[in-house]
Amino acid sequence: MARFVCLFVVLCLASTGYSKKFTKCELVHELRKQGFPENQMKDLVCLVEGESSFQTHVKGGPNTDGSFDWGLFQINDRYWCNAGNTPGKSCNLKCSDLLTDDITAASNCAKTVLASQGLSAWTAWVRDCKGKNLPALNC
């Protein structure tokens, strides 16, 4: 029984190491570190809150077309990442790479999406953020 409890504790600790829930200010600091422009910060924080509730491990879907959305930015696997074992699609990465605490891959892919389609690529941004007076981020 002691081995089972010990194994359970180890597995629980290991599983918590693979996901992170950011606070707004933690996210702002990380987005700055990742090189996102300051003038997009309020929109990006609103987008991430609406898409993943600031969590890195979220996998959403299936969507009506059978696709899934991955990670902090909920990047769709229909166009942007490969749900299989090899990198692919427009961001040239595996979707599972979007589910880690290190948001470098997710940030780089989000920048690709932004360059291609802008913030309107994210339904949560359109629904929750577009045209709204977003609160100041005092971080």
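Helix H2 (residues 24-33) and helix H3 (residues 41-52) pack with their axes 10 Å apart, at an angle of about 125°. The axes are lines fitted to C-alpha atoms, for helices over the stretch in contact, and angles run from 0 to 180 degrees between N-to-C directions. H2 and H3 are therefore oblique to each other, since angles under 35 degrees count as roughly parallel, over 145 as roughly antiparallel, 65 to 115 as roughly perpendicular and the rest as oblique. The crossing in which H2 passes H3 is right-handed; a crossing has this hand if the near helix is turned clockwise from the far one by less than a right angle, and is left-handed if the turn is anticlockwise. H2 contributes Lys 24, Leu 27, Val 28, Leu 31 and Arg 32 to the contact, and H3 contributes Met 41, Leu 44, Val 45, Val 48 and Glu 49. Contact means heavy atoms within 4.5 Å. By class, the residues in the contact of H2 with H3 are seven nonpolar, three charged and no polar. In this classification Ala, Val, Leu, Ile, Met, Phe, Trp, Tyr, Cys and Pro are nonpolar, Asp, Glu, Lys and Arg are charged, and the others, Gly among them, are polar.

The model is predicted: local features need pLDDT of at least 70, side-chain atom pairs count only at pLDDT 80 or more, and totals for chains, interfaces and linings use all residues. Residues are numbered from 1 along each chain as its sequence is written, and side-chain values use heavy atoms, with hydrogens and water left out.

The protein has five helices and three strands, arranged along the sequence in the pattern α-α-α-β-β-β-α-α. Helices (H or I, at least four residues) and strands (E, at least two) are DSSP runs, numbered from the N terminus. Of the 139 residues, 37% count as buried; buried means under 20% relative accessible area, exposed over 50%, and partly exposed in between (1.4 Å probe, protein chains only). Among contacts between residues at least 6 apart in sequence, 50% join residues at least 24 apart.

Within H2, the buried residues are Leu 27, Val 28, Glu 30 and Leu 31, and the buried residues of this helix pack against H3. Glu 30 is a charged residue by class, and its relative accessible area of 16% places it among the buried residues. Leaving aside neighbours within four places in sequence, Glu 30 is in contact with Phe 22 and Ile 103. Just after H2, Gly 35 takes a positive phi of about 90°.

Helix H3 also holds Cys 46, which counts as buried because its relative accessibility is 11%. Not counting residues up to four places away in sequence, Cys 46 touches Asp 128, Cys 129 and Leu 134. The C-alpha atoms of Cys 46 and Asp 128 are separated by 7.3 Å, although these residues lie 82 residues apart along the chain.

The loop between H3 and E1 includes Ser 53 and Phe 54. Ser 53 is not a glycine, yet it has a positive phi of about 55°; phi of Phe 54, likewise a residue other than glycine, is positive and near 70°. With 35% relative accessibility, Ser 53 counts as partly exposed, whereas Phe 54 is buried, with a relative accessible area of 8%.

The peptide bond from Gly 61 to Pro 62 is cis, with omega near 10°. Pro 62 counts as exposed because its relative accessibility is 58%. Leaving aside neighbours within four places in sequence, Pro 62 is in contact with Ser 67 and Phe 68.

Ser 67 and Phe 68 are also touched by Asn 76, together with Asn 63, Asp 69 and Cys 81, not counting residues up to four places away in sequence. Asn 76 lies in strand E3 (residues 75-76) and counts as buried, at 16% relative accessibility. The side chains of Asn 76 and Ser 67 are joined by a polar contact of 2.9 Å. A polar contact is a pair of N or O atoms within 3.5 Å; within protein, one must be able to donate a hydrogen and the other to accept it, and residues adjacent in sequence count only if both atoms are side-chain atoms.
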